[in-house]
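This report goes through selected local features of one protein chain.

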Amino acid sequence: MSGQAKDLVLVLNSGSSSIKYQLVDPSSGAVAAAGLVERIGEADGAIEHKAGDQVVEHHGPIADHKAGLQLVFEKFAETGFDLAGAGLCAVGHRVVHGGEVFYRPTLITDEVVAAIAALSELAPLHNPANVTGIESTRELLPDVPQVAVFDTAFFHGLPDAAKTYAIDAEVAAKYGIRRYGFHGTSHEYVSGRVAEVLGRDPAEVNQIVFHLGNGASASAVRGGRPIDTTMGLTPLEGLVMGTRGGDIDPGILLHLMRSAQLDVDGVDKLLNRDSGIKGLSGVNDFRELQRLIDSGARAARLAYDVYIHRLRRYLGAYLVGLGRVDAITFTAGVGENSPQVRADALAGLEHFGIRVDPGRNTAENRAARRISPDGAEVAVLVVPTNEELAIARAAHGLVVS
Ligand code: ADP
């Protein structure tokens with residue numbers, strides 16, 4: 001690809017010490033370049049940048065996000081893209097929490113940055129990092145339109161009964177406590193792809209999507225609109241995840257605060273880092289979990305069983321919530337790559353019209369595809385998610401309209 005970047009969108013996902021990025025053609029979906037900046041603020045910072053067959057790296061301290069992005073621009077230049085000079089169509093930023101304020105892709109202004117920062121109370125681990133990434137990019141590319149795409153946006157219109165916690169209504173209103181849902185960009189993209197793969201009008205399709213990565217969530221989507229999702233005020237609720245346990249009895253926290261003198265930081269660490277698959281088995285990567293299970297580790301087996309049990313609990317809830325289900329879809333790292341999880345999640349549900357074809361389920365295939373047998377009442381699919389492309393398209397759509 002040439003050094004011309006005018007039609008391309010730079011998609012950024014800024015974490016507290018990392019930046020994931022892709023340079024995407026929103027029309028074709030082609031990725032011109034992609035990379036990862038890691039360990040920002042530490043002595044052993046690193047960048048891996050890939051453009052076509054070329055891979056260039058950086059190793060050494062990276063002071064902050066702006067320094068990291070400057071190095072990324074250098075890597076782009078080394079591989080033939082003058083990002084600052086040629087001019088991009090837009091920069092699309094993944095922003096985790098849009099609160100009640102943001103429910104569609106939004107052109108970034110000073111006011112928008114301030115509003116995203118103000119939502120940090122709801123997403124203390126994510127929004128501050130997103131803001132840092134946005135501010136750094138605005139300094140480095142002052143003439144390029146920047147667009148924020150929110151992980152919560154797709155779920156903004158959840159029905160009241162699905163988004164409301166049964167707690168003191170005044171407390172909830174005062175502190176913005178409701179179910180927001182996350183992974184929305186993925187659920188929206190994947191549910192849209194499902195309608196395409198089925199060759200049906202999205203408005204006609206009732207479906208359940210399981211996004212199973214390090215973080216995991218499910219959604220029930222009726223005619224293109226979500227009616228329920230598993231994540232809530234924060235990404236802690238719902239399914240069992242790599243290091244998060246999903247639903248737990250909140251009384252566990254009261255008990256630990258009283259009996260083990262756990263403070264806020266202790267609770268935070270327990271819930272965000274020491275729970276889920278990791279808490280039960282010692283590992284958070286699903287491939288390692290499978291190796292442990294194969295070697296006979298009972299804790300790993302239990303972790304897997306709890307994981308599947310929770311998936312099936314929500315599957316049942318969403319089957320009932322939707323009434324009629326046309327499609328069930330698996331996406332993200334585990335969902336796309338583990339035939340075992342897909343088979344176990346849907347085992348024994350033939351009387352609901354849900355069947356998985358073993359050959360299709362285990363076939364090596366990276367494309368969006370059906371894994372249910374021909375003629376099955378409910379289509380079961382595997383659809384690779386592509387949040388970067390969805391963000392690039394959203395940013396492009398906003399800027400050119
Ligand atoms: P993130 O939430 O960080 O975007 P991903 O969607 O990349 O996560 O999913 C990461 C998870 O996918 C990890 O637990 C990883 O072990 C799992 N995974 C990746 N490849 C496979 C595979 N071939 N089989 C089973 N699990 C896999």
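Predicted model: local features only at pLDDT ≥ 70, side-chain atom pairs only at ≥ 80, totals over all residues.

## Packing of α11 and α12

Two packed helices are described by the angle between their axes and the distance between the axes. Helix α11 covers residues 286–294 and helix α12 covers residues 298–322; their axes come within 8 Å and cross at roughly 125°. An angle of 65 to 115 degrees would count as roughly perpendicular and one over 145 as roughly antiparallel, so α11 and α12 are oblique to each other. The crossing of α11 past α12 is left-handed.

On the α11 side, the contact is made by F286, L289, L292 and I293. The α12 side contributes A300, R301, A303, Y304 and Y307. Eight of the residues in this contact are nonpolar, none is polar and one is charged.

## Helix α12

With 25 residues, α12 reaches 36 Å from its first C-alpha to its last, close to the 36 Å expected at 1.5 Å a residue. Just after this helix, G323 takes a positive phi of about 80°.

The buried residues of α12 are A300, A303, Y304, Y307, I308, R310, L311, Y314, L315, Y318, L319 and L322. Among them, A300, A303, Y304 and Y307 are also part of the contact with α11. An α-helix has 3.6 residues a turn, so residues three or four places apart point the same way.

## Helix α1 and K75

Helix α1 runs over residues 65–78 and includes K75. Its 14 residues should span 20 Å at 1.5 Å a residue, and the end C-alpha atoms of α1 are 20 Å apart, which agrees. Just after α1, G80 takes a positive phi of about 95°.

The buried residues of α1 are H65, G68, L69, L71, V72, F73, K75 and F76. For K75 the relative accessible area is 6%; buried means under 20%, so K75 is placed in that class. Leaving aside residues up to four places away in sequence, K75 touches I47, H49, V56, E57 and H58.

## A33 in strand β3

A33 is found in strand β3, which spans residues 31–38. A relative accessible area of 1% makes A33 buried.

Not counting residues up to four places away in sequence, A33 touches Q22, L23, H49, K50, A51 and F76. F76 is itself one of the buried residues of α1, and H49 is also touched by K75. A33 and T79 are 46 residues apart in sequence, while their C-alpha atoms are 8.9 Å apart in space.

Most residues other than glycine have a negative phi. Which class of accessibility does H183 fall into, buried or exposed? H183 is not a glycine, yet has a positive phi of about 60°. H183 is found in the loop between α6 (169–175) and α7 (184–198). Its relative accessibility is 9%, and H183 therefore counts as buried.

Q261, also not a glycine, has a positive phi of about 50°. This residue is placed in the loop between α8 (251–259) and α9 (264–272). The relative accessible area of Q261 is 59%; the class of exposed residues begins over 50%, so Q261 is exposed.

Conventions. Residues numbered from 1 in each chain as written. Heavy atoms only, no water. Axes fitted to C-alpha atoms, helices over the stretch in contact; angles between N-to-C directions. Helix = DSSP H or I, 4+ residues; strand = E, 2+ residues; numbered from the N terminus. Parallel < 35°, antiparallel > 145°, perpendicular 65-115°, else oblique. Left-handed = near helix turned anticlockwise from the far one by under 90°. Contact = heavy atoms within 4.5 Å. Nonpolar A, V, L, I, M, F, W, Y, C, P; charged D, E, K, R; others polar. Expected span 1.5 Å × (residues − 1). Buried < 20%, exposed > 50% of the residue type's maximum accessible area, 1.4 Å probe, protein only.
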